[in-house]
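Me: Hey, I'm new to this one. Can you walk me through it?
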Amino acid sequence: MPAPRPPQLICIIGAGEFGSTTALSLAEGPYKGHESLITVVERGTELALDAASSDYNKIVRSEYSDPLYAKFARDAIIEWESNSRWKPHYHSSGVVALSAKSDPQTNYVQGAYEFNKRVLGEGMCECREDGGMKELYPRGVRTGSFSGDWGYKNRSGGWAASRDAVVATNSLARQLGVRYLVGEASHLLYNSNKTDVEGIKLSNGTSIRADFVISAMGAWTPLLVPELKDNCLPTGQTVAVIQLTKEEAEKYKEIPVSLCLDTGFYNFPPTSTGLVKFAIHDRGWLSPNPQLNLPSTPRTTLTPGYENQQIPASALEALKAGMERIHPELAEKEIIETRLCWYSDRESGDFLFDYHPRFPSLFIAAGGSGHAFKFMPLTGEWILSSIEKRLPEDLAKLWSFEGDASRLDKSRGEGPIVRKLLPNAKQAKL
């Protein structure tokens with residue numbers, strides 16, 4: 001099917017990073033002057049409330065051993081730093097990447113260091129080992145010993161206020177005339193012989209007819225497209241938050257983002273309200289759904305019984321240990337919030353921007369794999385290019401429905417992929 005053009009109706013499911021940037025790229029591109037033909041459906045009661053990108057912050061880094069994504073990350077950082085659309089949401093704190101020298105992930109960190117040193121120059125990248133790593137942090141801020149560790153500080157990079165960026169992108173699309181509806185997509189609508197889609201049906205029974213459907217549902221993708229239950233596997237990553245006093249926030253305001261590639265632990269500087277988020281980026285937790293025959297489905301604030309759910313006790317201990325390693329004083333603070341951030345995970349770490357192989361009018365934008373947000377300034381054009389079949393051949397193959405089975409996301413280790421089942425008991429109590 002050719003790419004959609006007015007007067008064709010477009011329905012985008014999901015208002016997170018992929019959905020919002022796609023809506024804006026369409027409205028500013030082929031649908032300029034016809035923006036009302038685009039409808040975005042979001043299950044949350046506020047824009048992107050239930051999207052992984054709707055969060056306090058996300059890391060913006062070029063710490064990749066894969067040269068393709070390292071280059072794209074550099075391109076994105078330039079946009080975050082200089083483009084007036086993205087700059088208000090970006091904070092250039094720098095990023096410290098590290099690993100125990102005895103861990104294979106040191107190879108990943110060293111590869112990222114060599115790339116960034118070559119691109120940015122040695123003045124922007126400073127490496128240390130053992131106790132010398134303390135020099136990568138502001139004076140007066142207590143850190144762990146870093147005994148046995150190797151790492152470096154990249155002065156280019158930091159974090160973005162992700163919820164603010166997503167809300168601003170949706171607001172701009174709405175101002176241009178894109179229609180927004182609150183609702184949860186429950187089914188695809190098909191033509192009479194089920195050779196193509198004709199829209200979606202919401203959980204309240206409402207039908208939305210469209211000539212072209214874009215699924216940008218993140219971890220919820222398999223609920224509508226179950227054949228992606230493994231290829232875009234929903235995995236839960238554990239997150240915790242502490243509240244700093246005004247004095248503590250002032251003391252820690254200049255710390256960099258810290259990213260431990262051996263354990264997956266990472267933490268941010270405090271937000272403007274003194275919140276410090278820390279989390280673990282690993283292979284994640286699964287929440288099986290036997291009723292739907294799915295290996296995992298998200299549990300979020302809109303999931304019945306969510307208020308009674310806690311992260312596994314072992315995950316809470318890992319989060320505390322990670323903070324003790326980086327900022328021991330902050331590890332002693334009371335944790336005020338824990339939750340799961342749900343990835344749309346592909347084993348390769350590559351995105352999925354492609355037409356459904358059986359339904360010409362259905363396009364899938366998924367597979368964020370826990371690292372897509374830093375590319376937000378680029379994703380709308382990538383997705384539109386894929387819709388219009390303008391992507392370079394190598395990218396089109398990499399981000400296709402089939403993908404490249406030989407690739408592995410090595411940011412979470414090079415060994416066998418092991419996922420964990422969320423327990424029904426023995427969960428952490430705050």
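Me: How many disulfides are there?
Reply: The count comes to zero disulfides, a disulfide being a pair of cysteine sulfur atoms within 2.5 Å. Keep in mind that this is a predicted model, where local features need pLDDT of at least 70, side-chain atom pairs count only at pLDDT 80 or more, and totals for chains, interfaces and linings use all residues. Residues are numbered from 1 along each chain as its sequence is written, and side-chain values use heavy atoms, with hydrogens and water left out.

Me: OK, salt bridges next. How many does a search of the whole structure find?
Reply: It finds 29 salt bridges. Each is a side-chain nitrogen of Lys or Arg within 4 Å of a carboxyl oxygen of Asp or Glu.

Me: Which residue does Arg358 pair with?
Reply: Arg358 meets Glu227, at 3.3 Å from N to O. The two sit in distant parts of the chain, 131 residues apart: Arg358 is in the loop between β20 (352-355) and β21 (362-366), and Glu227 is in the loop between α5 (221-224) and β14 (233-243). Those names come from DSSP runs numbered from the N terminus, with helices being H or I of at least four residues and strands E of at least two.

Me: Is that pair buried or exposed?
Reply: Arg358 is exposed, at 52% relative accessible area, and Glu227 is partly exposed, at 37%.

Me: And what about Asp409 and Arg412, buried or exposed?
Reply: Asp409 and Arg412 are both buried. They form a salt bridge too, with their closest N and O atoms 3.1 Å apart. There's also a network, in which salt bridges that share partners join Asp55, Lys58, Lys277, Glu337 and Arg339.

Me: Switching topic: which residues touch the most other members of the largest nonpolar core?
Reply: Ile12, Trp80, Phe353, Phe363, Phe375 and Trp399 do, in a core of 72 residues. A nonpolar core is a set of buried Ala, Val, Leu, Ile, Met, Phe, Trp, Tyr and Cys residues joined through side-chain atoms within 4.5 Å. Helix α2 (residues 67-82) gives the largest share of this core, seven residues. Another core lies apart from it, with 54 residues, including Val213 and Phe265.

Me: What does Trp80 touch?
Reply: Leaving out residues up to four places away in sequence, Trp80 touches several, among them Val60, Trp86, Tyr90, Phe373 and Met376. Contact means heavy atoms within 4.5 Å.

Me: Last one, helix α9. How many of its residues are buried?
Reply: In α9, 11 of the 12 residues are buried, so the helix is largely enclosed by the rest of the structure. Its buried residues include Trp382, Ile383 and Leu384, and they pack against α1 (17-28), α2, α4 (162-176), β13 (212-215), β20 and β21.

Me: How far does α9 reach?
Reply: Helix α9 (residues 376-387) reaches 17 Å from its first C-alpha to its last, close to the 16 Å expected at 1.5 Å a residue. The expected span is 1.5 Å times one less than the number of residues. After α9 comes Lys389, with a positive phi near 55°.

How values were computed. Buried means under 20% relative accessible area, exposed over 50%, partly exposed in between (1.4 Å probe, protein chains only).
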